[in-house]
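Subject: Handing over the model

Hi,

Please have a look at it before you read on.

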Amino acid sequence: MDPCWSCGVMALLCLLVPGGHPDPCRVSISPKEPTVEFGTSLLLNCTSSCLNYSRLNWEVSITKVGTRGPGWVSLSIPNVTSWSLKLQCFGVFREQRDIATTILRAYRFSPPQIYPEGDIVAGKEVRVTCNASAQVSPTDPPDLHLTLQGGGLPPSTHRGPSMGLSFTAQPEQHRRELTCEAVLRLGRRTVNASTTAVLWVWAAPHNVCVRAPRTVFTTGDNLTVTCRAEGNPPPRFHWELPTNASWELRDGGATVTIPAAQQAHGGTYRCLAENRYGTGAASIDILFQGSPRSPVIPMVVTLAVVVTVLAVLTLSWWFYRAQGWKLMPD
């Protein structure tokens, strides 16, 4: 509050109230409950409700530095080095004396930090710790409260400078935010700070799947078998194949391709997905049937029939000529 504005209001009251001032006259300190970080500066004001005082001043155990004006006097502390300091302001109004008292409280407060205890691996029990640092005096413990929340977890609160939260990590928690809020209570005033950490959830390969366009092929077909898997970090792929003949790997080892596959390529195709947190596997069975009927065969058969017919006709004609067969006249 501006002390000059306060003094103007008090002066107006003095004019309106019979006797020249409100009765009784009072002094007040602003802020009422001063709290400040240890080692920083603070400015306080002592204000009188009346202007007819003979004295208006601070009574403190430190060197007084400040300014004054009509109805107010300030106190500046450039470097607060006491954890608790009693401050008094007094005003003398003729035979009356009024005193206002408050306690200056200093504190140290560091924002909280979040620490995962080891790698966070999906499906395993993990623990996340939040630590905060606060001090209100060398002997008294601070009234400090910590709350951990977020990451798909219910909020958890603890009184003290450190708290831990245990849970079973899930893949869907990857990259979710976890927040820790620290609240330091200083009388009726609170000081708070928070920090946020991103959960990094590692995961063994899971949801491994092996697919092919179909499971029954014909000799000579082009064969493609693909493996897919989830995991963090992304898994590497290894294959167990029915034969080592004529196959290629594509897509970083995720796809097996076989041009013009043969009977030997039939069997079980097993994919192994692996990262440093585990291994997953899946397989598919591929069957091969015989070669399709060649279009040359029907042509050969047809040609054989034609040749046979021509042979029969030629033989018949030869017998006809050799025996001298003649047509009977009508």
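Strands and helices are DSSP runs (E, at least two residues, for strands; H or I, at least four, for helices), numbered from the N terminus.

A word on the basis: this is a predicted model, in which local features need pLDDT of at least 70 and side-chain atom pairs count only at pLDDT 80 or more, while totals for chains, interfaces and linings use all residues. Residues are numbered from 1 along each chain as its sequence is written, and side-chain values use heavy atoms, with hydrogens and water left out.

Back to β13: its antiparallel partner is β10 (residues 125-135), with 7 bridges between them. Strands pair if DSSP finds at least two bridges between them. Glu125 has Thr168 of β13 as its bridge partner.

There is also an open, mixed sheet of 5 strands, in the order β9-β16-β18-β21-β20. β9 (120-121) and β20 (248-250) are its edge strands, each pairing on one side only. Within this sheet, β18 (residues 223-232) and β21 (residues 255-258) run antiparallel and are joined by 4 bridges, and Val225 stands opposite Val256. Thr255, also in β21, is buried at 4% relative accessible area. Its C-alpha lies 9.8 Å from that of Cys271, 16 residues away in sequence.

Next, the second largest pocket. A pocket is an open set of points on a 1 Å grid over the protein atoms alone, with protein on both sides within 12 Å along at least five of seven lines; lining residues have an atom within 4 Å of a point. The space in this one is about 190 Å³, counted as that filled by probe spheres set on the points. Domain 1 (27-107) and domain 2 (108-199) both contribute to the lining, so the pocket lies between them; the domain bounds come from an automatic or database assignment. β8 (96-116) and β14 (177-186) each supply at least two lining residues. Among the lining residues are Trp83, Arg105, Asp140, Asp143 and Arg185.

The model holds 5 aromatic pairs, meaning Phe, Tyr or Trp rings (the six-membered one for Trp) with centres within 6.5 Å; planes under 30 degrees apart are stacked, over 60 edge-to-face and the rest tilted. Tyr53 and Phe93 pair edge-to-face, at 6.5 Å and 85 degrees. Tyr53 sits in the loop between β3 (42-48) and β4 (55-59) and Phe93 in β7 (residues 84-93), so the pair ties together parts 40 residues apart in sequence. Tyr53 is partly exposed at 22%, whereas Phe93 is buried at 4%. Ring pairs also link Trp200, Trp202 and Tyr277 into a cluster.

Lastly, some backbone details:

- Ser30 and Pro31 are joined by a cis peptide bond, omega about 0 degrees.
- Asn232 and Pro233 are joined by another cis peptide bond, omega about 5 degrees.
- Arg94, not a glycine, has a positive phi of about 55 degrees and is exposed at 64%.

Conventions:
1 Å grid on protein atoms, 1.4 Å probe; cavity = no way out; pocket = protein on both sides within 12 Å on 5 of 7 lines; lining within 4 Å. Buried < 20%, exposed > 50% of the residue type's maximum accessible area, 1.4 Å probe, protein only.
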